[in-house]
Amino acid sequence: MHFRGYMEGERVRGAKKGDMTEEQGKITELLTELLRQELHGFPPRRGKFEAASNRKGVYIIHSPLDEVLHVGSTPHAKGGLEQRLRDRLHGNSSFTEKYFGGEGARLREGYKYRFVEIDNGRQRALVEALGIGQLCPVHIGHGLDDYAPN
């Protein structure tokens with residue numbers, strides 16, 4: 001099977017078979033950066049997301065016990081990360097529908113989020129996919145019915 005980058009010589013100079021491409025290294029760095037970000041609580045009713053920006057990126061939602069519940073991104077959100085997290089809080093997502101029965105306001109009960117801004121759409125998609133694969137969140141927002149409910 002032919003994989004772009006792997007077979008076309010885009011590996012880092014001097015790399016051996018099985019080593020990461022430059023793109024793979026960048027995606028791994030971005031996920032590491034995401035995991036190092038501070039955890040923030042969801043705002044109180046009528047409160048503002050003090051930390052989240054209107055730029056696009058990837059986010060992780062954690063339970064009060066620090067379990068990774070959801071890894072998501074902002075593929076089209078005009079309001080960026082803040083809008084995407086606000087949508088979760090207001091129950092406008094498959095995550096809050098499946099995990100909280102549509103009651104996204106429960107996220108205010110000790111749940112936290114972290115995020116990293118990523119402008120490049122391909123990088124956002126790859127960081128989200130790598131995060132899902134490595135963190136194994138409770139909910140995967142791809143229309144799957146198989147998840148570990150709360």
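First, the ground rules. The model is predicted, so local features need pLDDT of at least 70 and side-chain atom pairs count only at pLDDT 80 or more, while totals for chains, interfaces and linings use all residues. Residues are numbered from 1 along each chain as its sequence is written, and side-chain values use heavy atoms, with hydrogens and water left out.

Overall layout. The protein chain has 4 helices and 4 strands. Those are DSSP runs: H or I of at least four residues for helices, E of at least two for strands, numbered from the N terminus. Reading from that end, the order is α-β-β-β-α-α-β-α.

Burial next. The chain has 150 residues, and 38% of them count as buried. Buried means under 20% relative accessible area, exposed means over 50%, and partly exposed is in between, with a 1.4 Å probe and protein chains only.

Contacts. A contact is heavy atoms within 4.5 Å. Take the contacts with a separation of 6 or more: 66% of them join residues 24 or more positions apart.

Now the helix pair. How do helix 1 and helix 4 cross? Helix 1 covers residues 22-36 and helix 4 covers 121-135; their axes come within 9 Å and cross at roughly 65 degrees. Axes are lines fitted to C-alpha atoms, for helices over the stretch in contact, and angles run from 0 to 180 degrees between N-to-C directions. Helix 1 and helix 4 are therefore roughly perpendicular. On this scale, under 35 degrees is roughly parallel, over 145 roughly antiparallel, 65 to 115 roughly perpendicular, and the rest oblique.

Who makes that contact? Helix 1 brings residues including Ile-27, Leu-31 and Leu-35, and helix 4 brings residues including Leu-126, Leu-130 and Gln-134.

On to helix 2. Its buried residues are Gly-80, Leu-81, Leu-85, Asp-87, Arg-88 and Leu-89. Their cover includes strand 2 (57-62), strand 3 (68-73), helix 3 (94-100) and strand 4 (112-117). Arg-86 also lies in helix 2, residues 80-89. Arg-86 is partly exposed, at 21% relative accessible area. Beyond its neighbours within four places in sequence, Arg-86 contacts Gly-47, Lys-48 and Phe-49. Its C-alpha is 9.4 Å from that of Pro-43, 43 residues apart along the chain. Just after helix 2, Gly-91 has a positive phi of about 80 degrees.

Two more backbone points. Most residues other than glycine have a negative phi. Arg-46 has a positive one, near 65 degrees. Arg-46 sits in the loop between strand 1 (40-41) and strand 2, and is exposed at 73%. Asp-66 also has a positive phi, near 70 degrees. Asp-66 is in the loop between strand 2 and strand 3, and is partly exposed at 45%.

Last residue. Leaving out residues up to four places away in sequence, Phe-100 touches Phe-95, Arg-106, Leu-107 and Tyr-111.
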